[in-house]
Amino acid sequence: MSYNRNPGTPELSQENARRRFLKNSLLLSAAGVSMGSLGFANLARAEPLNLKYPDPLVQALDESFLKYRIFNASVERLATGMRWAEGPTWIGDGRYVLLSDVPSNRIMRWDEITDTFSVYREQSNFANGLCRDRQGRLLACEGSTTATEGRRITRTEHSGKITVLADNFEGKRFNSPNDIVVKSDDSIWFTDPPFQADSNYEGHRVQTELPHGVYRVDAGTGQVTRVLDTIAGPNGLCFSPDEKLLYIVEGRSKPNRVVWAYTVNDDGTLGERRKHIEAQAYGALDGIKCDEDGNLWCGWGSSGALDAKPEELDGVMVFNPAGKPIGHIRLPERCANLCFGGTAGNRLFMASCHSLYAIYVNTRGATLV
């Protein structure tokens, strides 16, 4: 059927109005996508990965883990859109998490109050591990060089000024500072593997000058001391609740990755060590945190071996103080690092490849600064 109408007829006016509406809707949708991509606002909706309680992604490997599982708490994805998420730290007075998107050379911010995700710092010198000192200032492992800066430990003052705490040892540049922790005496401890010096993806390929090491920055004098240079690829590190032990991940040990427990001496040196955890079945340890009961919560994933099954490994593994696995929080992405936070200190934030995840648990971090 055909119609021969004048331009002013109701039928044609309605059709024009419909076309204008569709056109305007498409324009608004395109603008929203563009603005969301710039501001990350469309990537920051908390989404539970599973609607069932208890969450089947929170797996108890031992009955003792049930103490830490909250029956009606879900694993939630808070934000996504990163290339390699690392080094989360909780900023309690602002109620937000800072984390590194290492290949993108920036530090990101997820805000608990507004549920938004945004860029905190561009040109971060490919920052990796982050934490706060006991005065609430941000400490960063700047893992690679931008122009003449980077490969150093920095502190962001309350004014916003960046202070360099360490950028060399005995005149030689660090390899690529990776993870960082602060002791109650205000000393700063960090690992320095060559991970970001191997390619132009997470920084710039450089010729390293130092052995793989773990360092301590004295709070009073600022003196940098190398406390360890005998393990391959030192990665995540954290103290036990009483600070008598320092746990360090050996990221390039063979055949499996290992967590070593070192005795911490009163003079700031490390003493005897014992093997605390060995990652079996192609597991890969990364960042680690200790809770108030002495359990280790470990970023976990595949070692990359051809026979590995990442879908069975990815997430967070929990080990009791004796090194026994007691829990596995399964994620769709490998978890690189994690931190405790939230107003009660009982929210576990997990930086995992492209995304930031969280879950409430029935414990707190051993130290919550």
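**Note on the predicted model**

1. Glu47 touches Val75, Glu76 and Arg77, leaving aside residues up to four places away in sequence. The model discussed here is a predicted one. Glu47 itself belongs to strand 1, which spans residues 47-48. Its relative accessibility is 32%; because buried means under 20% and exposed over 50%, Glu47 counts as partly exposed.

2. On overall composition, the secondary structure of the protein amounts to 28 strands and 2 helices. Of the 369 residues in the protein, 52% are buried. The exposed surface comes to about 17100 Å², and carbon and sulfur atoms supply 49% of that area. Among contacts with a separation of 6 or more, 47% join residues 24 or more positions apart.

3. Strand 6 (residues 106-111) and strand 7 (residues 116-122) deserve a separate remark. The two strands pair in the antiparallel sense, over 6 bridges. Within this pairing, Arg109 has Ser118 of strand 7 as its bridge partner. The hairpin formed by strand 6 and strand 7 has 4 residues between the strands, and Asp115 takes a positive phi near 55° there.

4. Which aromatic rings are stacked, and on what geometric grounds? The count of aromatic pairs in the model is 10. One of them joins Phe190 and Tyr215: the ring centres are 5.4 Å apart and the planes stand at 20°, so the pair is stacked. The reasoning rests on the cut-off that planes under 30 degrees apart count as stacked. Phe190 lies in strand 15 (residues 188-192) and Tyr215 in strand 16 (residues 213-217), so this pair ties together parts that are 25 residues apart in sequence.

5. Are Phe190 and Tyr215 buried or exposed? Both residues are buried. Ring pairs moreover link Phe190 and Tyr215 with Phe169 and Phe174 into a cluster.

Key. Residues are numbered from 1 along each chain as its sequence is written. This is a predicted model: local features need pLDDT of at least 70, side-chain atom pairs count only at pLDDT 80 or more; totals for chains, interfaces and linings use all residues. Side-chain values use heavy atoms; hydrogens and water are left out. Buried means under 20% relative accessible area, exposed over 50%, partly exposed in between (1.4 Å probe, protein chains only). Contact means heavy atoms within 4.5 Å. Two strands pair if DSSP finds at least two bridges between them. Accessible areas come from the Shrake-Rupley method with a 1.4 Å probe; for residues, only the protein chains shown count as cover. Rings of Phe, Tyr and Trp (its six-membered ring) pair if their centres lie within 6.5 Å; planes under 30 degrees apart count as stacked, over 60 as edge-to-face and the rest as tilted.
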